[in-house]
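Work through the exercises below with the sequence and the model at hand. Each task is followed by a solution in steps.

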Amino acid sequence: MTSRPEPHDGVHDIAEELQMAVGMLVRQVRAATGGGISLSQMSVLKRLDRLGSATAADLARAEKIRPQSLIATVNSLRAEGYVTRAPHPTDGRRLLVSLTDRGRALVRERREAGHGRIAELMAGRLSAEELRLLAEAVPLLRRLAED
């Protein structure tokens with residue numbers, strides 16, 4: 001079993017650098033994909049695209065936000081035509097939130113623009129060896145991000 005580094009072993013410095021780098025990369029992607037929609041709205045749209053229809057309570061749990069905040073996000077997305085709400089098929093007290101075709105198109109456009117921008121940055125700024133190292137780091141980053 002590998003030993004875990006102590007916080008004084010530079011972990012805090014690495015965490016700070018990683019947080020800064022991820023933030024800068026997110027800003028690059030956001031610039032490439034355009035504005036007009038918040039990160040929390042896009043997160044809900046992407047989750048619905050991945051998982052399908054869900055209740056507001058399920059979305060709030062998945063997004064780790066209060067149901068009231070999620071409902072405000074869903075209402076704004078609904079007003080823009082990105083999602084719909086319909087009665088739950090087995091529990092009439094609940095509503096299911098679903099992507100519209102417009103919402104699906106937005107997710108697809110943003111995903112393609114974001115991937116394109118990241119690929120462009122990688123190809124233009126990283127050597128073949130750096131790309132290999134980055135490929136090796138991706139599973140580690142994913143593990144950090146998982147719930």
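**Exercise 1.** Determine how helix 1 and helix 5 are oriented to each other, and which residues make the contact.

Step 1. The axes of helix 1 (11-33) and helix 5 (residues 101-125) come within 8 Å and cross at roughly 125°. Axes are lines fitted to C-alpha atoms, for helices over the stretch in contact, and the angle between N-to-C directions runs from 0 to 180 degrees. Helices (H or I, at least four residues) and strands (E, at least two) are DSSP runs, numbered from the N terminus.

Step 2. Angles under 35 degrees count as roughly parallel, over 145 as roughly antiparallel, 65 to 115 as roughly perpendicular and the rest as oblique. Helix 1 and helix 5 are therefore oblique to each other.

Step 3. On the helix 1 side, Leu25, Gln28, Val29, Ala32 and Thr33 make the contact (heavy atoms within 4.5 Å); helix 5 contributes Arg110, Ala113, Gly114, Arg117, Ile118, Leu121 and Arg125.

The model is predicted: local features need pLDDT of at least 70, side-chain atom pairs count only at pLDDT 80 or more, and totals for chains, interfaces and linings use all residues. Residues are numbered from 1 along each chain as its sequence is written, and side-chain values use heavy atoms, with hydrogens and water left out.

**Exercise 2.** Check the length of helix 5 and find what its buried residues pack against.

Step 1. The expected span is 1.5 Å times one less than the number of residues. For the 25 residues of helix 5 this gives 36 Å, and the end C-alpha atoms are 36 Å apart, which agrees.

Step 2. Buried means under 20% relative accessible area, exposed over 50%, partly exposed in between (1.4 Å probe, protein chains only). The buried residues of helix 5 include Gly103, Leu106, Arg110 and Leu121.

Step 3. These buried residues pack against helix 1, helix 2 (39-51) and strand 3.

Step 4. Glycine 116, also in helix 5, is partly exposed at 35% relative accessible area. Its C-alpha atom is separated by 8.9 Å from that of valine 29, 87 residues apart along the chain.

**Exercise 3.** Which strands pair with strand 3, and is strand 3 enclosed or open?

Step 1. Two strands pair if DSSP finds at least two bridges between them. Strand 1 (residues 54-55) pairs with strand 3 in the antiparallel sense over 2 bridges; alanine 54 has valine 97 as its bridge partner.

Step 2. Strand 2 (residues 83-87) runs antiparallel to strand 3, joined by 5 bridges. Valine 83 is partnered by leucine 99.

Step 3. In strand 3 (residues 95-99), 4 of the 5 residues are buried, so the strand is largely enclosed by the rest of the structure.
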